Amino acid sequence: MTAQLAEDLAAREVTDPILTFTDVHLSFAGVKAVNGISFEVGMRELFAIIGPNGAGKTSVFNVLSGVYRPDAGRVVFNGVDIIGVRPHRIAAMGMSRTFQNIELFANLTVLDNLMLGRHNHLKYGAASAFAWLGRARNAELANRAVAEDIVDFLELEQWRFYPVGLLPYGVQKRVELGRALAMEPKLLLLDEPVAGMNLEETEDMARFILDIRDELDIPMIMVEHDMGLVMDLADRIMAVDFGKAIATGTPTEVQNHPDVIHAYLGEEES
Amino acid sequence: MTETSTRFKSRTKRPSGRPELYTSYSQHLRMLNTRPKFVSVTAIVAVAALLPWVFDDQTLSLLGLGLAASIGAIGLNLVTGYAGQVSLGHAFFLAIGAYTAAALSGDPEDNELIGFGVTNVVVWLLAAGLVAAFFGVIVAPLATRLRGLYLAIVTLGLVFIGEHIFKEWPELTGGPGVGRPGPVPELFGVGLNTPGDFLTAEQKLYLLMLVTLIIFALLARNLVRSKVGRAFAAIRDRDIAAEVIGVNLTRYKVLAFAVSSFFAGVAGALLYTITGFIEPSSFNLLLSVQYIAMVLIGGVATISGSILGAMFITLIPALTRQLPNVAPFISGDATKAFNVFQLETVLYGLLIIGFLIFEPRGLFGIWIRIRNYWKAWPFTY
């Protein structure tokens, strides 16, 4: 690690957090999916959440993007409390996400999916859409250029006009990342970006994630089971189990934390 | 983005012999973005515009009905094909349009029927669309709470409520078995449903339908290639993902119903200028099913498919009514055991099932197959 990079990392700690997640509780009937989790994500941070299946990682994402409304707690994103705000409003504030099981618009082409990511950036109404004159047409052209830049960034050129339902799984994952990026997010949530991918696809995705952090400067929260990827990429990691945060810190700290080892490997018989 | 300037240029020359090579986004985003598309669409419109001088009046009436029904089918395709909100209530919105237009253009001297004497076709056509759209907006909130089969059942309820009201409101509808005259079309003092010096009533009405259809087809095509159309498709394919990327579900569902009902209202108003008579019991479930059939047979989520489907369904009766001459066991008499009217009803069902199983993309899909075959000819792929 160069001195410059260490300085950068230190600087990241000081800046105001883009997201503060404070003591959030969410339960489904008797099941406490999120039981008092708190964390902060810095302006230039890649924050990872790990934990066994059913630990509540995706529930945290669903609280963040407004799909679930928590029973208690506070979530402040970019200075605004977003509890109870509808998902499309939260999206407009600059939070975008990908899904664990791909949630693309299967009948639409790659380009249309990316253009849907631009939805909030296309500032025209239904009346201009009917006429397709000046306003709507110019907005479509300008945003098409942005979508094409994302096509270049994620190397999707050859798939542009294919309906996404026909594409290989790894490419679909990339298109979904592209759709989230097209929103020009202030915070990007990645739900298992490399789940089910082979080594080559995983490495491609890792490269894209690093590019997003270093070139586009977008803070990210990543949920992932691939420990190699998480330990290599993340600035800080939070481990959760049964809806509770059991450890938060740098990759090395979390890796060696007794509770994390316990959650993953179980108790040693004595 | 150094090459931004050329990426946007619209007047750059297209290289010849490479129909799918685009050198700017505006070339690609054009509605008819290849020469064959441009030539064929121009040719179809030109032929359609010349038909009044080719066919006899009876055929023109039938084709006019098909053109008017096309507008309604496009409307249903917007809400069901594009936005994925299954609506069986289309007959209700057609009725709202038909009665709004008939009442506005009706004879104010008539003591038994509501009439305001506004015969300007543009005025009552817009009014028919707007009133229908208003009812669409009222119904739309149901779609924000229900989806799939449940929404279909609730919209089905609309048809029955509508049928009941139309039967029990003789001042507006004339009552069952009596009915009322259809809307009176007039433009700049020229009656469009009366024979003139140069054109017969059927020729004028046909041209009215053609012009209106072209306008509405263009509007619909613009809508579906815009952010609104994409938002509709997003709601159809994955509604939760659509919301998470910033699509306001409530707003776009309401918009889908409003636009769809507007188209249905306009179609309803036009249809009954041709028949010249509105019978309140004709706005039943079968009418809704016919429109579903148009969409499914023509091609879900395509504008040109909607027109194909509407023409197809409208022209079926003309063909089946010829059947008794060929196949004597089918009766042309509605009181006999197996008649052409029963056959038609069965045929709608069979066609829907057949298309769903063998060609889910409808007539439009068949066209795509033919096109792809000839694109690659003489190779197989």
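Before anything else, my terms: helices (H or I, at least four residues) and strands (E, at least two) are DSSP runs, numbered from the N terminus.

**Ground rules.** I am working with a predicted model, where local features need pLDDT of at least 70, side-chain atom pairs count only at pLDDT 80 or more, and totals for chains, interfaces and linings use all residues. Residues are numbered from 1 along each chain as its sequence is written, while chains are lettered from A and ligands numbered from 1 in the order in which they are written.

**Confidence.** I checked the scores: ipTM is 0.88 and pTM is 0.90. For pLDDT, the predictor's confidence in each residue, from 0 to 100, chain B has a mean of 88, with 96% of its residues at 70 or more.

**Chain A overall.** I find 11 helices and 10 strands in chain A. Its C-alpha atoms fill a box of roughly 75 × 40 × 40 Å along the principal axes. I took the radius of gyration over C-alpha atoms, and the globule rule is 2.2 Å times the number of residues to the power 0.38. For 270 residues that rule puts a compact globule near 18 Å, and chain A agrees at 19 Å. Burial goes by C-beta atoms placed from the backbone: a residue is buried if 20 or more others lie within 10 Å of its own, exposed if 12 or fewer, and partly exposed in between. By that count 43% of the 270 residues of chain A are buried. I call two residues in contact if their C-beta atoms, placed from the backbone, lie within 7 Å. Of the chain A contacts between residues at least 6 apart in sequence, 67% join residues at least 24 apart.

**Chain B overall.** Chain B has 17 helices and four strands. Its C-alpha trace spans about 70 × 50 × 50 Å along the principal axes. With 381 residues, a compact globule would come out near 21 Å, and the radius of gyration of chain B, 22 Å, agrees. Buried residues are 44% of the 381. In chain B, 71% of the contacts with a separation of 6 or more are between residues 24 or more positions apart.

**Where the chains touch.** Which chain gives how many residues to the contact? I get 28 from chain B and 33 from chain A. On the chain B side, the elements that give two or more residues are helix H1 (4-8), helix H2 (25-29), helix H9 (201-225), helix H10 (227-237) and helix H11 (239-244). H10(B) has the largest share of that side, seven residues. By class, the chain B side has 16 nonpolar, six polar and six charged residues. My classes: Ala, Val, Leu, Ile, Met, Phe, Trp, Tyr, Cys and Pro are nonpolar, Asp, Glu, Lys and Arg are charged, and the others, Gly among them, are polar.

**B:Phe216.** I picked this one out of helix H9 of chain B. Buried or exposed? B:Phe216 is buried, because 22 other C-beta atoms lie within 10 Å. Leaving out residues up to four places away in sequence, B:Phe216 touches B:Ile71, B:Ile74, B:Phe263 and B:Val266. I also looked at B:Gly72: it sits 144 residues from B:Phe216 in sequence but 9.9 Å away in space, C-alpha to C-alpha.

Most residues other than glycine have a negative phi, and most peptide bonds are trans.

- A:Asn78 has a positive phi, near 55°. A:Asn78 is in the loop between strand S4 (72-77) and strand S5 (80-81) of chain A, and it is partly exposed, with 15 other C-beta atoms within 10 Å.
- B:Ala301 has a positive phi too, near 60°. B:Ala301 lies in the loop between H13 and helix H14 (303-320) of chain B, and it is buried, with 23 other C-beta atoms within 10 Å.
- B:Trp377 and B:Pro378 are joined by a cis peptide bond, with omega about 10°. B:Pro378 falls in the segment after H17 of chain B.
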